[in-house]
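Here is a friendly briefing to read alongside your viewer.

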2 protein chains.
Amino acid sequence: MTESNSFSRSSDIIFRFGLDPTLNRILVLTALSESDHPLRAKDVYEDLRQRHKLNRVTVYRILDLFAEKGVVSKISSGERSFCYCACFGRWLQGHCHFHCTRCGKVECIDKDLLPLDEEALKNRLSMDVQHIELRLDGVCTSCKAKGTTRAGARKPS
Amino acid sequence: MTESNSFSRSSDIIFRFGLDPTLNRILVLTALSESDHPLRAKDVYEDLRQRHKLNRVTVYRILDLFAEKGVVSKISSGERSFCYCACFGRWLQGHCHFHCTRCGKVECIDKDLLPLDEEALKNRLSMDVQHIELRLDGVCTSCKAKGTTRAGARKPS
DNA sequence: TGGGGGTATGCAATTCAGTTGCATCATACA
DNA sequence: TGTATGATGCAACTGAATTGCATACCCCCA
């Protein structure tokens, strides 16, 4: 998708969620949807500020608003901050996340890798379940590769 | 279990995890294991300080140490803090947590309510999965009851 | 009996993520 | 025009967690 397409698609989505598609909102959503992994508020802010003047607080407010309206999902990163994921409507179909404890990166895991029967779970509980969050913690493939090299048999000469 | 039993059992567990069972550590673990739900560092601290002089930082350090050694599990509360759960060895057998978005309380959910095939999940992923965290967010039964009363048909005369 | 090393703890200061209060700006609308 | 409403900026603040460093405690060995 070209940058301008992504921009207008974001605008469209914001509008369809009943919100005013202001420039800042469009930029925040575009940043999230162009990323292949969930982003922290700080990531979004630091990405955007390079091209556009906006306030840190504005980013937090927009992300909270999006999360509240269901435009994006707010997930725990496994660390001290939250992540925001613009995989539209993917959750509730079983989409979950992987958090690398070495590099801190959070990735999306596709729903068909998830043998979780969400409806059964909800039906068996007496409380109202509104949201299910499944997070895997471990070492990502890229960190694993680095780790193997560091401790492994072959060293660079 | 009596208080002294719980105390000596905590001491025993700490020892078996290869750690020195200092008074502070025993007290922290006892507080966690006597609670029917996971506690935040602050909860543990405020509970203990009523009976015993110790520092806030010490509590954080002990909880981190316990989590690192696997004595307790460190879970995301769904809010900005972490929770610690001393359900010994229950996780990896599928134990998960429920977080009430109204009162903030976190509860343990038993594994037989969890139709999640953890091994299948691990086998299908290329990364090393060390820990799986499943958290349900919603409204607990007690808040649900209050909510119904507040908005409901019958009011106290 | 005393000294040295290692670990646990205390205390103060700091970091970090997120939040709040309030001023201002832009837009819509009477 | 005037005014209401919502978005944004800015500064200050909060709460959770972390860091650095000093001290206390304990064990071992001379």
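In chain A, the axes of helix α3 (residues 41-48) and helix α4 (residues 56-69) come within 9 Å and cross at roughly 125 degrees. Keep in mind that this is a predicted model, in which local features need pLDDT of at least 70, side-chain atom pairs count only at pLDDT 80 or more, and totals for chains, interfaces and linings use all residues. Residues are numbered from 1 along each chain as its sequence is written, chains are lettered from A and ligands numbered from 1 in the order in which they are written, and side-chain values use heavy atoms, with hydrogens and water left out.

- Two packed helices are described by the angle between their axes and the distance between the axes.
- Axes here are lines fitted to C-alpha atoms, for helices over the stretch in contact, and angles run from 0 to 180 degrees between N-to-C directions.
- Helices (H or I, at least four residues) and strands (E, at least two) are DSSP runs, numbered from the N terminus.
- α3(A) and α4(A) are therefore oblique to each other; angles under 35 degrees count as roughly parallel, over 145 as roughly antiparallel, 65 to 115 as roughly perpendicular and the rest as oblique.
- The crossing in which α3(A) passes α4(A) is right-handed, a term for a near helix turned clockwise from the far one by less than a right angle, with anticlockwise giving left-handed.
- On the α3(A) side the contact (heavy atoms within 4.5 Å) involves A:Ala41, A:Val44 and A:Tyr45, and on the α4(A) side A:Arg56, A:Val59, A:Tyr60 and A:Leu63.
- These contact residues of α3(A) and α4(A) comprise 6 nonpolar, no polar and 1 charged; Ala, Val, Leu, Ile, Met, Phe, Trp, Tyr, Cys and Pro count as nonpolar, Asp, Glu, Lys and Arg as charged, and the others, Gly among them, as polar.

**Packing of α1(A) and α2(A)**

- Helix α1 (residues 3-16) and helix α2 (residues 23-34) of chain A have axes 8 Å apart and pack at an angle of about 115 degrees.
- Here too, α1(A) passes α2(A) in a right-handed crossing.
- Among the residues that meet are A:Phe7, A:Ile13 and A:Ile14 in α1(A) and A:Leu23, A:Ile26 and A:Leu27 in α2(A).
- By class, the contact of α1(A) with α2(A) holds 7 nonpolar, 5 polar and 4 charged residues.

**Packing of α2(B) and α3(B)**

- In chain B, helix α2 (residues 23-34) and helix α3 (residues 41-48) have axes that come within 10 Å and cross at roughly 110 degrees.
- α2(B) and α3(B) are therefore roughly perpendicular to each other, and α2(B) passes α3(B) in a right-handed crossing.
- B:Leu27, B:Val28, B:Ala31 and B:Leu32 of α2(B) make this contact with B:Val44, B:Asp47 and B:Leu48 of α3(B).
- The residues joining α2(B) to α3(B) divide into 6 nonpolar, no polar and 1 charged.

**Chain A as a whole**

- Chain A has 6 helices and 6 strands, running α-α-β-α-α-β-β-β-β-α-β-α from the N terminus on.
- Of the 157 residues in chain A, 41% are buried, where buried means under 20% relative accessible area, exposed over 50% and partly exposed in between (1.4 Å probe, protein chains only).
- For contacts in chain A between residues at least 6 apart in sequence, 50% join residues at least 24 apart.

- A:Gly138 sits in strand β6 (residues 128-139) of chain A and is buried, with a relative accessible area of 0%.
- Beyond neighbours within four places in sequence, A:Gly138 is in contact with residues of chain A, including A:Phe98 and A:His99, and with B:Asp128, B:Val129 and B:Gln130.
- A:Arg16, in helix α1 of chain A, counts as exposed at 61% relative accessibility.
- B:Cys83 lies in strand β3 (residues 82-85) of chain B and is buried at 3% relative accessible area.
- B:Ala86, in the loop between β3 and β4 (96-100) of chain B, is buried at 9%.
- B:Ala86 and B:Leu32 are 54 residues apart in sequence, yet 5.7 Å apart in space, C-alpha to C-alpha.
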